[in-house]
Amino acid sequence: MIYLDNSATTPIHPEVKKTIIDALDLFGNPSSMHTTGREVRAILEKSRKDIADFLNCESSEIIFTAGASEANNTVLKSATNCCAFCENNRGHIITSNIEHPSVLNTVSCLGKKNVDISHIKVNKLGIIDPADVEAAIRPDTMMISIMYINNEIGTIQPIKEIAEIARKHNVPMHTDAVQAVGKIPIDLQKLPVDFLSMSGHKIYAPKGIGILFKRKNAKNICPLIVGGHQENSMRAGTENTLGIIALGEAIRQCKIEMLENKERITALRNKLEQGILSKLDKVRINGDPNKRVYNISNLSFTNIEGESILLRLDMHGIMVSTGSACSTGSLEPSYVITSLDVDPEIAHSSIRFSLGRETTEEDIDKTIEAVVETITFLRKISPIK
Amino acid sequence: MDGSNWNYSDKVKEHFFHPKNILEIDEKEYNADGVGFVGSPACGDMMKIFIKVKDDKIADLKWQTFGCASAIGSTSMLSVMVTENGGMSLDDAWKLTPEMIINKLGGLPPNKIHCSVLGDKALREAIKDHYKRTGQEDRIPKDSKSRVICECLNITEDDIRMEVLEGVKDFKTLQERTKLGTMCGKCVDTAKTLVDFYVGRYYTEEIYSGKEEEK
């Protein structure tokens, strides 16, 4: 099996697996005062500290959540007032038109409650112009939320510039950094965002664990889940101890491997694209080739439909994803690809290859071969020439 | 993405991975007696069907598609159905429905049904084209006898059924696509009932077998 869908999720890192297995008997409730509880608390706090060090922030600024969707919901639902349930939610939120559904659908909920939403449009290469963000700021703007790296096309947004603009205007800034953490260095002392979301399962930890970074002096947020005092009363519920321990280990592994992975995977991604582009015509790279994360290649194969490509590659044992409508059962293709101001058929024919730490050169060779065979066949049966 | 979307039957997989009767030579060289072309790349599917007619039967059928696995699988199946046993008569071929094809395929996941409705449409277009080329326009059936629901815009029950087959799951979407009930509005209740009825028929089971409508 050749797994090229690492932006959807990643396999658990062998070291993370070991750490989880070793931790399976640590059943204590970290809130308990006794020894059994305290020993779990200690490991939990070690994880928190390692994650904080990796992002260059303080431990107290890390809130563990069930994942980035929860973190995004938590921040955005308390962006405009006390919380989403407040009757007097008012104000304005700025976001982009290529955010993850956990951002877009959350702001659209708020949009139904007297909150104005501005969706900043990306350019044809999938990049946001910070000047557009600045121009959209109003006196009642309560939050700017722009993703760091797009999950479909891999474009890296000018988050630092946008965050500086936000700070200049005294507007809280949030970034969904799911595809960025562990791939590009993030230094929260230099990146002036107030909130940042991330997810464990994109960096070789299991599903169901993520974090919300909330800067110490950032505006107060209202917890999405209320109850006990866990996570500084920001997120109630007994901690996902195994998840947190696993995430800590995944982050320690990122620290060790990040640079080496970047170099190796960049070379493999480039080889994949060059291999495909040199053997097939009418292939389009989606997203700015110079401002892309190194592990994503999103290609549109003109005149053929994505689900057909995906399933035929699956037959070859190659796992990818597509922006075609047929993959979701909806009638609309990917909004991220269509936001690049291209015809819908470009979106219908798009395939995302996302490489990971386990991808080998042999995988890439086989993929190029299978892609060429698949595309040649499907173009042969296409009525559009 | 729901994993059950990928629950294709072995028949669908067989026809998708090894589609039958694809037009591999140049269109002109094939010299068809009728050609039907439906769909649009914007919707993610297009279908082109070429037929050869002999003794008022489909002697041969070739096709090309820009479409997903369901579209490829169902058109491949259609091509077999109309050409086997010496070829289907033009009258019978005209009456072919997506349900009959889906049934032959052993069912399709409910949210893939809308991908399978282009084949028979293209086939009817090809037959129509043949009738026109041979001076048999009178054989082209007039508008079906399906009852009119929206009188202002002349939208029939069958139009609503086809919209549901193509993926419409609620009245709001139906209205956005057809503008039904936007003039006098008196058909709204009937149309809502019909949408629910057809959604229930086509999308409630994990795999829609097409059996209910086989005759």
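Predicted model: local features only at pLDDT ≥ 70, side-chain atom pairs only at ≥ 80, totals over all residues.
What covers the buried residues of helix H7 of chain B includes helix H5 (98–104), strand E4 (148–150), strand E5 (155–156), helix H8 (171–178) and helix H9 (188–203) of that chain. Helices (H or I, at least four residues) and strands (E, at least two) are DSSP runs, numbered from the N terminus. Residues are numbered from 1 along each chain as its sequence is written, while chains are lettered from A and ligands numbered from 1 in the order in which they are written.

H7(B) itself runs over residues 157–165, and its buried residues are Ile160(B), Glu163(B), Val164(B) and Leu165(B). Buried here stands for 20 or more other C-beta atoms within 10 Å of a residue's own, exposed for 12 or fewer, and partly exposed for anything in between, with C-beta atoms placed from the backbone. Just past the end of H7(B) sits Gly167(B), with a positive phi of about 125 degrees.

His114(B) is found in the loop between H5 and helix H6 (118–133) of chain B, and it is buried, with 28 other C-beta atoms within 10 Å. Setting aside neighbours within four places in sequence, His114(B) is in contact with Leu165(B), Glu166(B) and Gly167(B), contact being C-beta atoms, placed from the backbone, within 7 Å. Cys152(B) is another matter: 38 residues separate it from His114(B) in sequence, and 26 Å in space, C-alpha to C-alpha.

Over in chain A, there are eleven helices and 13 strands. The radius of gyration of chain A is 21 Å, close to the 21 Å from the globule rule for 385 residues, so chain A is as compact as a globular protein of that length. The radius is taken over C-alpha atoms, and the rule is 2.2 Å times the number of residues to the power 0.38. The C-alpha trace spans about 65 × 50 × 35 Å along its principal axes, and 52% of the 385 residues count as buried.

Two helix pairs of chain A can be described. Helix H1 (residues 14–23) and helix H7 (residues 241–279) of chain A have axes that come within 9 Å and cross at roughly 150 degrees. That makes H1(A) roughly antiparallel to H7(A); angles under 35 degrees count as roughly parallel, over 145 as roughly antiparallel, 65 to 115 as roughly perpendicular and the rest as oblique. Axes are lines fitted to C-alpha atoms, for helices over the stretch in contact, with angles from 0 to 180 degrees between N-to-C directions. Among the residues making the contact are Val16(A) and Ile20(A) of H1(A) and Ile245(A) and Ala246(A) of H7(A).

The second pair is H8(A) and helix H11 (residues 361–380) of chain A, packed at an angle of about 135 degrees with their axes 10 Å apart. This makes H8(A) oblique to H11(A). The contact involves Ser308(A), Ile309(A), Arg312(A) and Leu313(A) of H8(A), and Ala370(A), Val371(A), Thr374(A) and Leu378(A) of H11(A).

Chain A also touches chain B, in a contact that takes 24 residues from chain A and 25 residues from chain B. On the chain A side, helix H8 (306–315) and helix H10 (344–348) are the elements giving two or more residues, and H8(A) gives the most, with four.

How values were computed
Contact = placed C-beta atoms within 7 Å.
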